[in-house]
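Here is a walk through one structure, from its overall make-up to a few of its elements.

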Amino acid sequence: MEEKLKKSLKKTLNDLNYQVEEIIIGIPKLTHHGDFYTPLALQIGKKIKKNPLLIAQEIVKKIPSMAEVKKIIVVPPGFINFYLSDGFFVDKVKQLINKSFKLKKENKTIVLEFGQPNTHKIPHIGHLYSYIYGESLARILEFLGNKVIRVNYQGDIGLHVAKCLWAVKNQFLEKGKNFNSLKTLKDKVDFLQKGYQEGSQLYEENKSIKKEIDQLNLKIYQKDSKIIDLWQKTRQWSLDFYKIFEKKLGIKYDRYYFESQTAKVGKKIILENLGKVFEESNQAIIFKGEKHNLHTRVFINSYGNPTYEAKDIGLAYLKNKDYQFDLSIITTAKEQNEYWKVIIKVIELLFPHLKNKISHLGFGMVNLTSGKMSSRSGNIIDPFTLTEEVKKEIKKTFLVKDESLLEKITFAAIKYSFLNSDYKKNIIFDLKKSIAKEGNSGPYLLYTYVRTKSVLTKSENFNLQEKKLNFININNNEERKLLKKISFFSSFLIKAKETYSPNIIANYLYELASLYNLFYQKYPILKAEESLRELRLLITLAVKEIIKNGLNLLGIETVEKM
RNA sequence: GUGCCCGUAGCUUAAUGGAUAGAGCGCAGCCCUGCGGAGGCUGAGAUUGAGAGUUCAAGUCUCUCCGGGCACACCA
């Protein structure tokens, strides 16, 4: 039976122009995880197990046509393990290096919204996560040949602003104080945060103040001359401050939208569609979501002010008008997941041509060990405190003196820590524990990169183009695993893009670096005999390039020395 | 109550429906005459929250339950 299968499989593969040296059926004995002897493995179901043609087709589908299949092992109940020649992997690695690991272009215009810190408040590490996650997504999409429009959308108007400005006006300016004591931008932003906290508290506690704040809110919407100057001035403090921070994070936005701008546009659209998509209820204008298995939301409140909902409709309209995107991605913390289902539904009803072009990604919430972060109560860790703390730790552990190097390592550690797990998971953040500096961490990858670089610098005349590099007999586990891992770079990249998961890249890089460090520890590179030396340098070069490219996709800049 | 997300080692986590659930931190040991020890190796530590179902095969899919988070009308 098995002999028969073996013969007919061999014949079928030969008919398809695959020269297989050996086919073995029914040997379940494999070395560790099948990795060493099975550069590639296929799993097929029982139903097609005994049909050689189907097996052959599966194999052919999986193996690139140039590949040289050396041996196939068919293992019941349905595994096919096959060798490819080592030369295949070496060639693949060379091709990847020559193309700088670039893949086919997707050529879509994608508007990506992330960051979104509000003015008149201090951002917290939840915003930091948004910045880091969003920028990484942007880079991944770009690497695959898309045009990415980075968009920041900021709440510069609304109740939170009114709360802050009420406190600034009543508790500060009208008591005869002035802004002269606020020297730096950070002072100014901290001052606004304090005002926001005060205003929020009084809004809850004192009914007459609540009324005053609500009226102030209305005045800001109407651009009342009594408040507009103060609004503009304080708003600008926040915006200037964020620009500096964005620069530090390596983020360049293509476009800033503001709620003060989308409010008007949104309100107009809602009113135009009153009776069609929206209806009136208790003096408010709402969308009844229940008929779409969603929930009802208010778009214009009973004061006639557009809510966040209406503003997001206005924003969607503006984005489309400005960029005619193929896809618009909005990232927010996942507490807004249900909200966005409603908004996307409404957008599709209002603008049918945008159907399936809007998508929302909700990333995990960053909570503290002391509970949920809330800028209202002041229970927050802000990104600046975090950066300074991590910097201190890194300085202590690694004895780095150079300030710009220190900063790069710090951001590498922070960004990597945020990006190396599933974005949908909540993060319980502990200032002392959450940023890894050793092991599976940003600095580990930087270190590995520096190590590869150092080896290559010392290798002098290594030139990939001139060498033939035909290695038929690789006889150690580490080299083969590395070649295989490198060859699969693009499939990890594509998976990361399809699932919007930078952590797939982070994990891939870590595994690659681990393999390399083990290999490095075990075998000489520069002192190896000629042909081995060339192979090992090739691997080193590939690892270096992948780490550089991969870290860049995470928004992390590599360093030349550590 | 309804809907969505998450439960994997003490902690943080990985795993296109596939083979012995893979790491990091921490813990106990070991490796510098070597191309950078910010590294490497070894060990202890996991009935993948519980139970049923689908499948040749379930951490992964379906259902029920338990635990945590979030949202559900004028905040953003």
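Two strands are said to pair if DSSP finds at least two bridges between them. Helices (H or I, at least four residues) and strands (E, at least two) are DSSP runs, numbered from the N terminus. This is a predicted model, in which local features need pLDDT of at least 70 and side-chain atom pairs count only at pLDDT 80 or more, while totals for chains, interfaces and linings use all residues. Residues are numbered from 1 along each chain as its sequence is written, and chains are lettered from A and ligands numbered from 1 in the order in which they are written.

Chain A holds 18 helices and 14 strands. Of its 562 residues, 38% are buried, that is, have 20 or more other C-beta atoms, placed from the backbone, within 10 Å of their own.

Strand 11 (residues 327-333) runs parallel to strand 5 (residues 109-113), joined by four bridges; Leu-327 of strand 11 stands opposite Ile-110. Strand 11 also pairs with strand 12 (residues 358-363), again in the parallel sense, over six bridges. Within this pairing, Ile-330 has His-360 of strand 12 as its bridge partner. Between strands 11 and 12 the chain passes through helix 11 (residues 337-350), and this β-α-β crossover is right-handed: with the strands pointing away from the viewer, the path from the first strand over the helix to the second runs clockwise.

Further along is helix 18 (residues 530-553), with 24 residues. The expected span of a helix is 1.5 Å times one less than its number of residues, so helix 18 should span 34 Å, which agrees with the 35 Å between its end C-alpha atoms. Just after helix 18, Gly-555 has a positive phi of about 80°.

Definitions and conventions
A residue is buried if 20 or more other C-beta atoms lie within 10 Å of its own, exposed if 12 or fewer, and partly exposed in between; C-beta atoms are placed from the backbone.
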